[in-house]
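Hi,

Here is the structure I said I would pass along.

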Amino acid sequence: MEDSRRTFLKIAGISAMGLGANPILSAFATDEHTEAPAEEQAQTPAEAHAEAGAEQAPAAAGEHGEAGRVHVQRGSDALTAKQWAMVIDTRKLQTKDDMEPLIAVCHKIHNVPKLQNKHHEIKWIWETEYQHAFTDKMNQFLNQEVQHRPFLVLCNHCENPPCVRACPTKATFKRESDGIVMMDFHRCIGCRFCMAACPFGSRSFNFRDPRPFIKEQNKQFPTRTRGVVEKCNFCAERLAVGQMPACVEASKGAIAFGDLYDPESEVRQLLKTNYTIRRKQVLGTEPSVYYIV
Amino acid sequence: MLELTLKGGKSYWGWLVVLLAVIGGAFGLYIWQIKFGLGITGMSRDVSWGFYIANFTYLVGVAAGGVMVVLPYYLHDYKAYGRITILGEFLAIAAVVMCLLFILVDLGQPMRLFNVPLYPTPNSVLFWDMIVLNGYLFLNLVIGWNVLESERNNAHYQGWLKPFIYISIPWAISIHTVTAYLYCGLPGRGFWLTAILAPRFLSSAFAAGPALLILLCLFIRKVTRFDPGRKQIQALAKTVAYAISVNVFFMICEVFVAFYSNIPAHMDHIKYLFVGLHGHGVLVPWMWASVGLMVIGIILLVNPGSRKNESVLAVACLAVVIGTWIDKGLGMISGGFVPNPLHEITEYVPTVPEIGITLGVYAIGALVLTILYKMVVSVKEEVRA
């Protein structure tokens, strides 16, 4: 009697362990699955994940053919850099009306939902006042025009990103090939450590399903699910097919975009000839977005 | 030993039913949260951590506080604590279980929890927090269970437990240190960016944990035939007295540095908490209540006359538990997020479903603690008889 009970418990225990381990093993299996093609194309695993993430989401969001696939993977015409950087000439973007189209096009092509509840707001690029954009550079008596001029703010794609340091799953990572701080929406567990770590308030969290709040869905880009963090991706999907970021394109020359480490690049030329400032550079994160004031 | 938990009076079973009812209700709310998203909480883009993470932080402290009985007993051979060490260890188990659950309910994508061990990321403090918390849970389970079982069998605990016991002491310090590192290593969050955060967390932990333990000891004495002992309770009370004094001292250090240096990024959060900022100050009465309770705790605990009176001691411990809970559970987390990095103010107030889920986690902790303590009390009564 004693013996048979022991045997039964043994078998039951082993079966329970097997059942428990199954989801973990299958997760390993799918992991290998997504990484296998990555090796063939000599990508970093992180890139492979971003790609996988970008491809799966629209497939889930709606029906579309092979042509609707997102090219985060670098194409032959892709734009490349060691570290992408942006120079915003704020003198050329004087009013909210100047900025509205830039923000609109970004949020439109990236399926950023418009949520009425300010607590749940998602924003990739938005405008704010000087005192909020440059909290550490505010003077009591400031050039009146600058003080009331709206400033564009977005993810700074820092060279030392604290959000990447904080992420416990590498769901947010700094792409080694060009310095873009990217998100894998399929790996993010929604712990929001990156949001606490970001000193620029650049990250948003999907407090609810964003899809009903997207007016017109762009099938070329993934929509997100509730419970994950998102932010500006410097239009990695456009750079991959030889296009400039959408806000740069819509800015009519007010925003320059290029390689920070190419002395011939447009951004370096602008940095050489103009006095620029960055947000909270005292924190040592080395933001890649520069402002000409 | 689990069979001991199946024998109990009416009030024991009634209490378990109450806890299960609370857990059931909270589970319903949690299903709602899974379906809708974290939007049912009071958290926002600006205050992205709220009640869940705050209670997690507080309970890490309670768990670490258990070491205040383990250390004197095993390192200093303070024999009196032999009777209650197990209570400290089992309190730590219940607290760590709640910590892990609070992390779980805070996740936007809880089904992806295993991404943390699947993609180990040593540069993330959260990765280390997972290791130290689970490790501490494991250590206390192994140690507590085996020591109690040996006591039941009238034997000395097994020799191989010794290394685990010694490791558990610095490990207790590590859980709250790593938890503090979650916050204090973040640039641009002036309230948390202080080297004293980990020591401050530990001091409040060593006050809150033992204070709660004293209350539990007094309760156990009242409702069971096991007396944790007057000497033991008095010794614990001295620990609470020192720890809560150090905690208030650390707070004063923080206020001095922020306001003497006059750096706005460091002052703003403290101003928000204690006097309000730009007309926003939902936490102001709470924070002053917290300070008041901690000061009352110090007065009653440091003064030998009041400390030795067990009724007064109970009041003092309650003041310490509530005071430190407000300080850590309400102020510490949302205080760090207000104002936000763009110096805008979004206030945070937990919602009803959020509080409900929180209560559910506490109920699970209470259930674990009840079952574990039931075992302890039964063994102690058995051995006595």
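**A threonine in chain B, and what else turned up**

B:Thr324 sits in helix α13 (residues 310-337) of chain B; helices here are DSSP runs of H or I with at least four residues, strands are runs of E with at least two, and both are numbered from the N terminus. With a relative accessibility of 0%, B:Thr324 counts as buried, where buried means under 20% relative accessible area, exposed means over 50%, and partly exposed is in between (1.4 Å probe, protein chains only). Leaving out residues up to four places away in sequence, B:Thr324 touches B:Tyr58, B:Ser204, B:Ala208, B:Ile244, B:Asn247, B:Met294 and B:Gly329, a contact being heavy atoms within 4.5 Å.

Some housekeeping before the rest. This is a predicted model, where local features need pLDDT of at least 70 and side-chain atom pairs count only at pLDDT 80 or more, while totals for chains, interfaces and linings use all residues. Residues are numbered from 1 along each chain as its sequence is written, chains are lettered from A and ligands numbered from 1 in the order in which they are written, and side-chain values use heavy atoms, with hydrogens and water left out.

**Chain A**

Chain A has 10 helices and 10 strands. Of its 293 residues, 52% are buried. Among the contacts in chain A with a separation of 6 or more, 65% are between residues 24 or more positions apart. The accessible surface of chain A is about 14000 Å², and carbon and sulfur atoms hold 54% of that (Shrake-Rupley method, 1.4 Å probe; for residues, only the protein chains shown count as cover).

Now the sheet. Four strands of chain A make an open sheet in the order β8-β1-β10-β9, with mixed pairing; two strands pair if DSSP finds at least two bridges between them. β8 (255-259) and β9 (276-277) of chain A are at the edges with a single partner strand each, so one side of each has no neighbour in the sheet. Helix α10 (residues 266-273) of chain A packs on this sheet and touches β1, β8, β9 and β10 (289-292) of chain A, with its direction at about 115° to that of β8(A). For that angle, axes are lines fitted to C-alpha atoms, for helices over the stretch in contact, and angles run from 0 to 180 degrees between N-to-C directions. Strand β1 (residues 84-89) of chain A pairs with β8(A) in the antiparallel sense over five bridges, and A:Ala85 stands opposite A:Gly258 in β8(A).

**Salt bridges**

Over all chains, a search of the whole structure finds 22 salt bridges, each being a side-chain nitrogen of Lys or Arg within 4 Å of a carboxyl oxygen of Asp or Glu. A:Arg192 is in the loop between β5 and α7 of chain A and B:Asp106 is in helix α4 (residues 85-106) of chain B, so the pair joins two chains. Both A:Arg192 and B:Asp106 are buried. A:Arg192 also has a positive phi of about 65° although it is not a glycine.

Within chain B, B:Arg152 and B:Glu3 form a salt bridge with the closest N and O atoms 3.2 Å apart. B:Arg152 lies in helix α6 (residues 125-152) of chain B and B:Glu3 in the segment before α1 of chain B, so this pair ties together parts that are 149 residues apart in sequence. There is also a network of salt bridges linking B:Arg221, B:Asp227, B:Arg230 and B:Glu310.

Back in chain A, A:Asp89 and A:Arg91 meet in a salt bridge (2.9 Å, N to O). A:Asp89 is buried at 7% relative accessible area, while A:Arg91 is partly exposed at 40%.

**Backbone and surface**

- A:Lys170, in the loop between α6 (162-166) and β4 (172-174) of chain A, has a positive phi of about 60° although it is not a glycine.
- A cis peptide bond joins B:Val338 and B:Pro339, with omega about -5°; B:Pro339 is in the loop between α13 and α14 of chain B.
- B:Trp15, B:Val18, B:Val22, B:Ile355 and B:Leu359 form a nonpolar surface patch with about 420 Å² of accessible area together. Patches are made of residues with over 30% relative accessible area and no salt bridge, with like charges joined within 9 Å and nonpolar side chains (Val, Leu, Ile, Met, Phe, Trp, Tyr) within 5 Å. α1(B) gives the most to the nonpolar patch, three residues.

Cheers
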